[in-house]
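Hi,

Here is the structure I promised to pass on. Have a look at it first, and my notes follow below.

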Amino acid sequence: MTGALPPLVCCVDDGFTEPLLVVLRSLAEAHPGCRSRLRVHVLHNGLTPANLGRIHRQADAVRLAVRTVAVRLPPGRYPLTGRATDATYLRLEIPEHVPAGRVLYLDADTLVVGDLRELLATDLAGHPVAAVRDPQNPILRHGIGLPGWERLGVPGDREYFNSGVLLLDLDACARGRLFERCAHFLTTHRDHVRFWDQDALNWAVDDNWLRLPRRWNTFPMSAILRLPGDQYTAEHIVPVAELIAEEPDARILHFAGRGKPWLGRLPDGEINRRYAAVHARALLTG
(Lines give C-alpha, C1' and ligand atoms only; values in the text may rest on other atoms or scores of the structure.)
Protein backbone atom coordinates (compact mmCIF):
# COMPACT_ATOMS: atom_id res chain seq x y z
CA MET A 1 0.00 0.00 0.00
CA THR A 2 1.38 3.39 -1.04
CA GLY A 3 0.30 7.00 -0.89
CA ALA A 4 -0.51 9.36 1.93
CA LEU A 5 -2.46 8.23 4.94
CA PRO A 6 -5.35 10.24 6.37
CA PRO A 7 -3.87 13.32 8.04
CA LEU A 8 -3.40 13.81 11.75
CA VAL A 9 -4.37 17.00 13.57
CA CYS A 10 -3.11 18.50 16.83
CA CYS A 11 -4.21 21.78 18.39
CA VAL A 12 -1.97 23.82 20.68
CA ASP A 13 -1.12 27.15 22.22
CA ASP A 14 2.30 28.24 23.48
CA GLY A 15 1.79 26.36 26.73
CA PHE A 16 1.49 23.02 24.91
CA THR A 17 4.29 23.42 22.38
CA GLU A 18 6.70 21.24 24.33
CA PRO A 19 4.40 18.21 24.64
CA LEU A 20 3.53 18.61 20.96
CA LEU A 21 7.21 18.09 20.15
CA VAL A 22 6.96 14.78 22.02
CA VAL A 23 3.85 13.78 20.05
CA LEU A 24 5.66 14.47 16.77
CA ARG A 25 8.79 12.60 17.86
CA SER A 26 6.78 9.61 19.11
CA LEU A 27 4.68 9.52 15.94
CA ALA A 28 7.76 9.43 13.75
CA GLU A 29 9.51 6.80 15.90
CA ALA A 30 6.43 4.55 15.82
CA HIS A 31 6.40 4.57 12.00
CA PRO A 32 10.01 4.10 10.85
CA GLY A 33 9.08 2.53 7.54
CA CYS A 34 6.21 4.79 6.51
CA ARG A 35 6.69 8.21 8.08
CA SER A 36 6.83 9.74 4.58
CA ARG A 37 3.12 8.85 4.27
CA LEU A 38 2.19 10.78 7.40
CA ARG A 39 0.98 14.38 7.40
CA VAL A 40 0.31 16.45 10.50
CA HIS A 41 -1.68 19.68 10.67
CA VAL A 42 -1.05 21.79 13.77
CA LEU A 43 -3.79 24.32 14.48
CA HIS A 44 -2.75 27.05 16.89
CA ASN A 45 -4.07 30.33 18.19
CA GLY A 46 -1.00 32.44 17.49
CA LEU A 47 2.20 30.73 18.55
CA THR A 48 5.32 32.80 19.07
CA PRO A 49 7.89 32.66 16.26
CA ALA A 50 10.21 30.82 18.64
CA ASN A 51 7.68 28.05 19.25
CA LEU A 52 6.79 27.79 15.57
CA GLY A 53 10.50 27.35 14.93
CA ARG A 54 10.72 24.58 17.52
CA ILE A 55 7.86 22.67 15.85
CA HIS A 56 9.35 22.89 12.39
CA ARG A 57 12.84 21.96 13.61
CA GLN A 58 11.38 18.87 15.25
CA ALA A 59 9.49 17.99 12.08
CA ASP A 60 12.64 18.35 9.98
CA ALA A 61 14.68 16.32 12.44
CA VAL A 62 12.32 13.33 12.31
CA ARG A 63 11.44 13.79 8.60
CA LEU A 64 7.75 14.39 9.23
CA ALA A 65 5.50 16.59 7.07
CA VAL A 66 4.01 19.20 9.41
CA ARG A 67 1.84 22.17 8.47
CA THR A 68 1.10 24.88 11.04
CA VAL A 69 -2.09 26.93 10.72
CA ALA A 70 -2.98 30.00 12.79
CA VAL A 71 -6.67 30.03 13.76
CA ARG A 72 -8.31 32.95 15.50
CA LEU A 73 -11.43 32.41 17.60
CA PRO A 74 -13.55 35.41 18.60
CA PRO A 75 -12.70 36.33 22.22
CA GLY A 76 -15.26 35.03 24.70
CA ARG A 77 -17.06 32.88 22.16
CA TYR A 78 -16.81 29.73 24.28
CA PRO A 79 -16.68 29.21 28.08
CA LEU A 80 -13.19 29.33 29.59
CA THR A 81 -13.25 27.58 32.95
CA GLY A 82 -10.58 25.71 34.87
CA ARG A 83 -7.51 25.14 32.72
CA ALA A 84 -9.29 25.82 29.40
CA THR A 85 -7.93 28.35 26.91
CA ASP A 86 -9.13 29.34 23.46
CA ALA A 87 -6.87 26.61 22.06
CA THR A 88 -9.05 24.04 23.85
CA TYR A 89 -11.70 24.63 21.21
CA LEU A 90 -9.51 24.63 18.13
CA ARG A 91 -10.45 21.06 17.19
CA LEU A 92 -13.93 22.39 16.39
CA GLU A 93 -12.27 24.36 13.55
CA ILE A 94 -10.80 21.28 11.86
CA PRO A 95 -13.31 21.19 8.97
CA GLU A 96 -12.44 24.78 8.05
CA HIS A 97 -8.69 24.25 7.89
CA VAL A 98 -7.92 20.62 7.04
CA PRO A 99 -8.95 19.63 3.51
CA ALA A 100 -9.61 15.92 3.97
CA GLY A 101 -12.47 13.47 4.15
CA ARG A 102 -11.07 11.77 7.22
CA VAL A 103 -8.68 12.93 9.94
CA LEU A 104 -7.26 11.61 13.18
CA TYR A 105 -7.19 14.14 15.99
CA LEU A 106 -4.67 13.71 18.84
CA ASP A 107 -4.42 15.75 22.02
CA ALA A 108 -0.98 17.20 22.69
CA ASP A 109 -0.77 15.26 25.96
CA THR A 110 -0.59 11.93 24.15
CA LEU A 111 2.30 9.63 23.32
CA VAL A 112 2.19 7.41 20.24
CA VAL A 113 3.62 4.02 21.20
CA GLY A 114 2.44 1.84 18.31
CA ASP A 115 1.65 1.80 14.61
CA LEU A 116 -1.51 3.82 13.86
CA ARG A 117 -2.23 2.49 10.38
CA GLU A 118 -4.87 0.05 11.63
CA LEU A 119 -6.68 2.92 13.34
CA LEU A 120 -6.39 5.18 10.29
CA ALA A 121 -7.94 2.44 8.14
CA THR A 122 -10.88 1.81 10.49
CA ASP A 123 -14.27 1.73 8.77
CA LEU A 124 -16.51 4.22 10.58
CA ALA A 125 -19.58 2.58 8.98
CA GLY A 126 -21.33 5.91 8.50
CA HIS A 127 -20.61 7.27 11.98
CA PRO A 128 -19.14 10.78 12.09
CA VAL A 129 -16.84 9.96 15.03
CA ALA A 130 -14.89 6.98 16.32
CA ALA A 131 -13.60 7.27 19.88
CA VAL A 132 -12.82 5.41 23.10
CA ARG A 133 -15.18 5.45 26.06
CA ASP A 134 -13.76 7.62 28.82
CA PRO A 135 -12.45 5.26 31.53
CA GLN A 136 -13.13 7.69 34.36
CA ASN A 137 -16.53 8.85 33.08
CA PRO A 138 -17.82 5.75 31.27
CA ILE A 139 -21.51 6.65 31.45
CA LEU A 140 -23.18 9.92 32.35
CA ARG A 141 -24.81 8.61 35.52
CA HIS A 142 -21.43 7.58 36.96
CA GLY A 143 -19.24 10.46 35.80
CA ILE A 144 -18.90 14.22 35.95
CA GLY A 145 -19.03 14.94 32.23
CA LEU A 146 -21.94 16.85 30.68
CA PRO A 147 -23.35 18.14 34.00
CA GLY A 148 -27.13 18.40 34.11
CA TRP A 149 -27.51 15.75 31.42
CA GLU A 150 -30.96 14.87 32.74
CA ARG A 151 -32.22 18.42 32.07
CA LEU A 152 -31.01 18.04 28.49
CA GLY A 153 -33.13 14.92 28.07
CA VAL A 154 -30.09 12.64 27.74
CA PRO A 155 -30.37 9.19 29.38
CA GLY A 156 -28.06 8.56 32.31
CA ASP A 157 -26.82 5.24 30.96
CA ARG A 158 -25.47 6.84 27.79
CA GLU A 159 -21.79 6.09 27.23
CA TYR A 160 -19.44 9.08 27.24
CA PHE A 161 -16.34 9.20 25.05
CA ASN A 162 -13.03 10.91 25.62
CA SER A 163 -12.18 13.39 22.88
CA GLY A 164 -8.39 13.22 23.23
CA VAL A 165 -8.25 10.78 20.31
CA LEU A 166 -10.90 11.15 17.61
CA LEU A 167 -11.15 9.56 14.19
CA LEU A 168 -13.41 11.89 12.23
CA ASP A 169 -15.30 11.34 8.99
CA LEU A 170 -15.62 15.00 8.04
CA ASP A 171 -18.20 14.29 5.32
CA ALA A 172 -20.45 12.53 7.84
CA CYS A 173 -19.78 15.34 10.33
CA ALA A 174 -20.94 17.87 7.73
CA ARG A 175 -24.09 15.91 6.92
CA GLY A 176 -25.01 15.83 10.59
CA ARG A 177 -23.90 19.45 11.18
CA LEU A 178 -21.83 18.10 14.08
CA PHE A 179 -19.53 21.08 14.54
CA GLU A 180 -22.32 23.63 14.14
CA ARG A 181 -24.25 21.76 16.83
CA CYS A 182 -21.19 21.85 19.09
CA ALA A 183 -20.87 25.62 18.67
CA HIS A 184 -24.57 26.05 19.42
CA PHE A 185 -24.31 23.93 22.56
CA LEU A 186 -21.30 25.84 23.89
CA THR A 187 -22.93 29.22 23.41
CA THR A 188 -26.42 28.34 24.67
CA HIS A 189 -25.80 25.67 27.35
CA ARG A 190 -22.79 27.02 29.24
CA ASP A 191 -24.11 25.66 32.53
CA HIS A 192 -23.80 22.13 31.09
CA VAL A 193 -20.11 22.50 30.22
CA ARG A 194 -17.48 20.93 32.46
CA PHE A 195 -15.09 19.30 30.00
CA TRP A 196 -15.42 22.01 27.36
CA ASP A 197 -15.68 20.80 23.75
CA GLN A 198 -15.69 17.18 24.92
CA ASP A 199 -19.10 17.77 26.51
CA ALA A 200 -20.28 19.55 23.38
CA LEU A 201 -19.14 16.70 21.13
CA ASN A 202 -20.80 14.07 23.31
CA TRP A 203 -24.06 16.02 23.24
CA ALA A 204 -23.95 16.84 19.54
CA VAL A 205 -23.06 13.34 18.33
CA ASP A 206 -26.18 12.02 20.11
CA ASP A 207 -24.67 8.56 20.74
CA ASN A 208 -23.93 8.10 17.01
CA TRP A 209 -20.27 7.19 17.44
CA LEU A 210 -18.16 4.12 16.78
CA ARG A 211 -16.64 2.52 19.89
CA LEU A 212 -12.90 1.96 19.53
CA PRO A 213 -10.79 -0.48 21.57
CA ARG A 214 -9.08 1.15 24.56
CA ARG A 215 -5.62 0.62 23.06
CA TRP A 216 -6.19 3.69 20.89
CA ASN A 217 -6.66 6.00 23.88
CA THR A 218 -5.13 4.42 26.98
CA PHE A 219 -5.11 6.35 30.24
CA PRO A 220 -2.11 5.22 32.36
CA MET A 221 -4.33 4.41 35.32
CA SER A 222 -1.50 2.60 37.13
CA ALA A 223 0.18 5.99 37.48
CA ILE A 224 -2.85 8.29 37.61
CA LEU A 225 -4.29 6.53 40.66
CA ARG A 226 -1.06 7.15 42.57
CA LEU A 227 -1.65 10.91 42.35
CA PRO A 228 -2.84 12.44 45.64
CA GLY A 229 -6.60 12.88 45.63
CA ASP A 230 -7.31 10.88 42.48
CA GLN A 231 -10.00 8.25 42.91
CA TYR A 232 -11.64 5.82 40.54
CA THR A 233 -15.42 5.73 40.93
CA ALA A 234 -16.48 3.41 38.09
CA GLU A 235 -15.20 0.11 39.52
CA HIS A 236 -18.60 -1.54 39.11
CA ILE A 237 -18.64 -0.66 35.38
CA VAL A 238 -15.04 -1.34 34.40
CA PRO A 239 -12.75 -2.76 37.12
CA VAL A 240 -9.58 -0.71 37.43
CA ALA A 241 -7.54 -3.93 37.37
CA GLU A 242 -8.85 -4.50 33.84
CA LEU A 243 -7.75 -1.02 32.74
CA ILE A 244 -4.28 -1.51 34.20
CA ALA A 245 -3.93 -4.98 32.66
CA GLU A 246 -4.59 -3.49 29.21
CA GLU A 247 -1.89 -0.79 29.47
CA PRO A 248 0.81 -2.93 27.75
CA ASP A 249 -1.47 -3.18 24.69
CA ALA A 250 -1.62 0.61 24.29
CA ARG A 251 -0.97 2.20 20.92
CA ILE A 252 -1.65 5.72 22.19
CA LEU A 253 -1.05 6.72 25.81
CA HIS A 254 -3.08 9.72 26.96
CA PHE A 255 -1.93 11.72 29.98
CA ALA A 256 -5.29 13.27 30.73
CA GLY A 257 -5.94 15.24 33.88
CA ARG A 258 -3.31 16.56 36.30
CA GLY A 259 -0.56 14.00 35.68
CA LYS A 260 1.41 15.80 32.97
CA PRO A 261 4.76 14.04 32.65
CA TRP A 262 6.60 16.89 30.93
CA LEU A 263 5.85 18.99 34.01
CA GLY A 264 7.07 16.32 36.41
CA ARG A 265 3.55 15.64 37.69
CA LEU A 266 3.30 11.93 36.97
CA PRO A 267 4.54 9.47 39.62
CA ASP A 268 7.74 7.74 38.64
CA GLY A 269 7.39 4.35 37.03
CA GLU A 270 7.69 2.56 33.71
CA ILE A 271 5.24 4.79 31.85
CA ASN A 272 6.74 8.01 33.19
CA ARG A 273 10.23 6.84 32.22
CA ARG A 274 8.99 5.88 28.77
CA TYR A 275 7.63 9.38 28.24
CA ALA A 276 10.77 10.95 29.67
CA ALA A 277 12.97 9.12 27.17
CA VAL A 278 11.02 10.45 24.17
CA HIS A 279 10.80 13.86 25.79
CA ALA A 280 14.58 14.02 26.14
CA ARG A 281 15.09 13.10 22.48
CA ALA A 282 12.53 15.70 21.40
CA LEU A 283 14.25 18.47 23.35
CA LEU A 284 17.55 17.77 21.62
CA THR A 285 16.14 19.31 18.44
CA GLY A 286 13.17 21.32 19.72
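In β2, H44 is the bridge partner of V12. This belongs to the parallel pairing of β1 (residues 8-12) with β2 (residues 39-44), which runs over five bridges; strands count as paired if DSSP finds at least two bridges between them. Strands here are DSSP E runs of at least two residues and helices are H or I runs of at least four, both numbered from the N terminus.

Before going on, the caveats: this is a predicted model, with local features needing pLDDT of at least 70 and side-chain atom pairs counting only at pLDDT 80 or more, while totals for chains, interfaces and linings use all residues. Residues are numbered from 1 along each chain as its sequence is written, and side-chain values use heavy atoms, with hydrogens and water left out.

Now the whole sheet: it is open and mixed, with seven strands in the order β3-β2-β1-β4-β7-β6-β8. β3 (65-70) and β8 (209-211) are the edge strands, each pairing on one side only.

On to the helices. α1 (residues 17-29) lies across β1, β2, β3 and β4 (102-106), at about 165° to β1. Axes are lines fitted to C-alpha atoms (for helices over the stretch in contact), and angles run from 0 to 180 degrees between N-to-C directions. α1 also packs against α2 (residues 49-62) at about 10°, the axes being 10 Å apart. That makes the two helices, α1 and α2, roughly parallel (angles under 35 degrees).

Cheers

Notes: Contact = heavy atoms within 4.5 Å. Parallel < 35°, antiparallel > 145°, perpendicular 65-115°, else oblique.
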